[in-house]
Structures are given as structure tokens and as C-alpha cells.
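The paragraphs below walk through the fold and then through selected residues. Keep the sequence and the model open while reading.

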Amino acid sequence: MTSRRVRPKAVIGWGIGIALGGVLFQILVPTLLYPINDIGAATTDIDQSLMWILRVVVQVVGSLLPYLGASVIGAGLVMLYIDANVVRKNAHAFQLRAPDSTD
């Protein structure tokens, strides 16, 4: 099995995409659900229960995705910092660079 190196800039890009996708999801999906409820399509108890479940799912997913995106961005920044300060000796061993001393 070959090992693939994760690119920190790609991780940061995914984090930005997840965060923006979560915000758009939270804004657009409830706006699209309200007309369904207004036209009287959801008049039975079963339909109302399905709309309630859908609303809860939208709220949970919409509130979690921006935080997930922010944590992925943070992980990408940490990976970028470590990648800049690591000295690779071989495929499985590495050592962090010593900080520059300005005595």
C-alpha cells in the first residue's frame, strides 16, 4: 500500500468549502421548504411530522457544518505550519527544526 501525502492547502480549501456550504445550506434549504408548507401540501399529521423531522435535520446539519469547516481550516493551518518546520530524513522519520537563536 502506498502512502499519499495530504496537502495542507487542499485541506484548507475543503474547510472553506464546507463552511460556506453549511452557511448556504442553512440559508437556502429553509427558504425552499416554506413554500411547500404554505401551499397546503403538508396538511395531514404524517406530513406535518415529516416536515418537523426535516426541519430538525436542516437545523442540526446547518448549525454543525460551519463549525466543522472551521475545524478543518484549523487542522489545515496546523498541517501547513508543521510541514514548513519539519526536516524529513526518510519516509518514516522526521525531526522538527530547531528554532533560530538570536542570542
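Tyr 34 lies in helix α1, where helices are DSSP runs of H or I of at least four residues and strands are DSSP runs of E of at least two, both numbered from the N terminus. Because its relative accessibility is 52%, Tyr 34 counts as exposed. The cut-offs are under 20% relative accessible area for buried, over 50% for exposed, and partly exposed in between, with a 1.4 Å probe and protein chains only. Met 51 is 17 residues from Tyr 34 in sequence, and their C-alpha atoms are 9.8 Å apart in space.

This is a predicted model, in which local features need pLDDT of at least 70 and side-chain atom pairs count only at pLDDT 80 or more, while totals for chains, interfaces and linings use all residues. Residues are numbered from 1 along each chain as its sequence is written, and side-chain values use heavy atoms, with hydrogens and water left out. The pLDDT, the predictor's confidence in each residue from 0 to 100, averages 79 over the chain, and 70% of the residues score at least 70. Confidence is highest in α2, at a mean of 86, and lowest in strand β2 (residues 94-96), at 66.

The chain has two helices and two strands, arranged along the sequence as α-α-β-β. Of its 103 residues, 14% are buried. The accessible surface is about 8,400 Å², and carbon and sulfur atoms account for 67% of that surface; these areas come from the Shrake-Rupley method with a 1.4 Å probe, and for residues only the protein chains shown count as cover. Taking contacts (heavy atoms within 4.5 Å) between residues at least 6 apart in sequence, 63% join residues at least 24 apart.

Helix α1 spans residues 8-38 and includes Trp 14. Trp 14 has 63% relative accessibility and therefore counts as exposed. Between Trp 14 and Ile 73 the sequence separation is 59 residues, and the C-alpha to C-alpha distance is 7.7 Å.

Pro 8 is also placed in helix α1, but its relative accessibility is 8%, so Pro 8 counts as buried. Leaving aside residues up to four places away in sequence, Pro 8 touches Gly 76, Met 79, Leu 80 and Asp 83. Leu 80 is 72 residues from Pro 8 along the chain, with 5.3 Å between the two C-alpha atoms.

Helix α2 covers residues 45-84, and Leu 64 is in it. Leu 64 counts as exposed because its relative accessibility is 53%. Together with Leu 50, Trp 52, Ile 53, Val 56, Val 57, Val 60 and Val 61, Leu 64 forms a nonpolar surface patch with about 710 Å² of accessible area. Patches are made of residues with over 30% relative accessible area and no salt bridge, joined within 9 Å for like charges and within 5 Å for nonpolar side chains (Val, Leu, Ile, Met, Phe, Trp, Tyr). A salt bridge is a side-chain nitrogen of Lys or Arg within 4 Å of a carboxyl oxygen of Asp or Glu.
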